[in-house]
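Welcome! Take a moment to look it over, then read on.

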Amino acid sequence: MARSLFTTVGAAALRPAAGAVRVGRRAAAQAVDGAALAAADLVLNSKTAEEIVDRLADSPLFERAVSRALAGPLVEAVSRDVVQYAVLDRVAETILEGDALESVLERVDAAEVPRRVVDRMLADGIVEQTTARIVEGPELERAVDTALDSAAAERLVARVIESRLLDEAVDRLLESEDLWLLVEEIARSPAVTEAITQQSMGFADQVADGVRAGSRRADVWLERAARRALRRGAARNLPDEPTAPEVTPQ
Amino acid sequence: MSSMADRPPAPARVGARAQVVATQVHGEPAQPQLEYQGLITRAIAFTIDAVVVDVVAIVVTAAAALIVSALSLPNSFDTALVAAGAWLFLLWSAGYFVTFWSTTGQTLGNRVMQIRVVRAKDGGTLRPWRALLRLVGLMLAALPLFLGFLPILLTERRRGLQDVIGGSVVIGVPEAPKAEPVRAR
């Protein structure tokens, strides 16, 4: 009985001391954490740390390490994991489901970012440079060649030709006044009329050449025939030649 | 300094040079080889001329008839008009042939067939009265069933009755160089 009383009194007497110890330990831990963070900040913000990082980044060792990491299985492993755990899908889903994207787009639109980007691109001549590069470069030609050589292009052309669209386009073209004005203008142009005149004269010349050659051949033939007939007539009118006297055997 | 465009064409230059050489060798220029023209070629040329003469005459006659019909002249004028028309036609036909033979030596038909009527003795152009005689000779040759043209088939220089009367021969004309075709622009 006395023992339990002693224990109870002792515990009650020691309780404030234990609380004081806990408070002291917590304060000490907080002080240590604060000091560590302060030390870390001091280190990270120091010029020496910056210098160390710069030197590390410039060092061949760092380069080799990065190269080895990129050449090694790390990249494949990360890619595999990204694909396996559908990281991109999840990120995209999260972005699309939330209002963040909408608000970002609204803010971008409100700030007239697209207009400013376009203005900047036009002002800098980027569009012209890009267009010139595309037009002058071999890529466009290759792309066009590939597209034209493809079976899909053939099918597309065939479908366009077979479609009613082309017929309608041709009909509309034929009905338009402008087409006939254009045709009239071309037909009246000096180059076309001169070409037609030359062609007609060339054709007339060809016909005349043919007639001349034929008539000259006919002349020769007719004269031969006439002379032959004349010779035959003359031969017929000649008196018969006297027959040789018969030779009698002696 | 003459440009290339001023120079005569190559065949003409060669021909001129040949004349010089012939003059040095023979003492006189070389006579070009004349190609006397036959009956059929001349008949085709004459047919073309007849078409031209007749078409012009028909057009003029039609125009005159329209004018006369609009004037409503008395019937007695008709005979006089027909006679005048006949004389005009003869005049027009004779004028056509005489003019061409005595100037260029080529009627339109002759030009198409590339032949020319020239004097028989020296190859010059016929005088107008010779050309007129030739036209008379042409009619005379046609009168006896075209027998006057028969000597063209049989004589060396292919001369018919009209050529004998007119003192002419019909020769071929060398083809003129053709113009360059128009290039597309």
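Helix α13 (residues 190-237) of chain A packs against α2(B) in this predicted model. Their axes are 7 Å apart and meet at an angle of about 135°. Angles over 145 degrees would count as roughly antiparallel and those from 65 to 115 as roughly perpendicular, so α13(A) is oblique to α2(B).

**Where the two helices meet**

- On the chain A side, the residues of α13(A) that take part are A:V211, A:S215, A:R216, A:A218, A:D219 and A:L222.
- Their partners in α2(B) are B:L39, B:I40, B:T41 and B:I44.

**The wider meeting of the chains**

- Looking at the chains as a whole, 13 residues of chain B are in contact with 16 residues of chain A.
- Three helices of chain B, namely α2 (39-71), α4 (108-113) and α6 (151-154), each supply at least two residues of the side that touches chain A.
- Which helix gives the most to that side of chain B? It is α2(B), with four residues.
- The side of chain B that touches chain A is made up of nine nonpolar residues, three polar and one charged.

**Chain B on its own**

- You will find seven helices and two strands in chain B.
- Reading from the N terminus, the elements follow the order α-α-α-α-β-α-α-α-β.
- Chain B has 185 residues, and buried ones make up 21% of them.
- Of the contacts in chain B between residues at least 6 apart in sequence, 68% join residues at least 24 apart.

**An open helix in chain A**

- Is helix α6 (residues 100-110) of chain A largely in the open or buried? The number of buried residues among its 11 is zero, so this helix lies largely in the open.
- After α6(A) comes A:E112, which has a positive phi, near 55°.

- The average pLDDT of chain A is 80, and 90% of its residues score at least 70.
- Within chain A, confidence is highest in α13(A), at a mean of 91.
- Confidence in chain A is lowest in helix α1 (residues 2-44), where the mean is 75.

Note on methods:
Residues numbered from 1 in each chain as written. Chains lettered and ligands numbered in written order. Predicted model: local features only at pLDDT ≥ 70, side-chain atom pairs only at ≥ 80, totals over all residues. Buried ≥ 20, exposed ≤ 12 C-beta atoms within 10 Å, placed from the backbone. Contact = placed C-beta atoms within 7 Å. Nonpolar A, V, L, I, M, F, W, Y, C, P; charged D, E, K, R; others polar. Axes fitted to C-alpha atoms, helices over the stretch in contact; angles between N-to-C directions. Parallel < 35°, antiparallel > 145°, perpendicular 65-115°, else oblique. pLDDT = per-residue confidence, 0-100.
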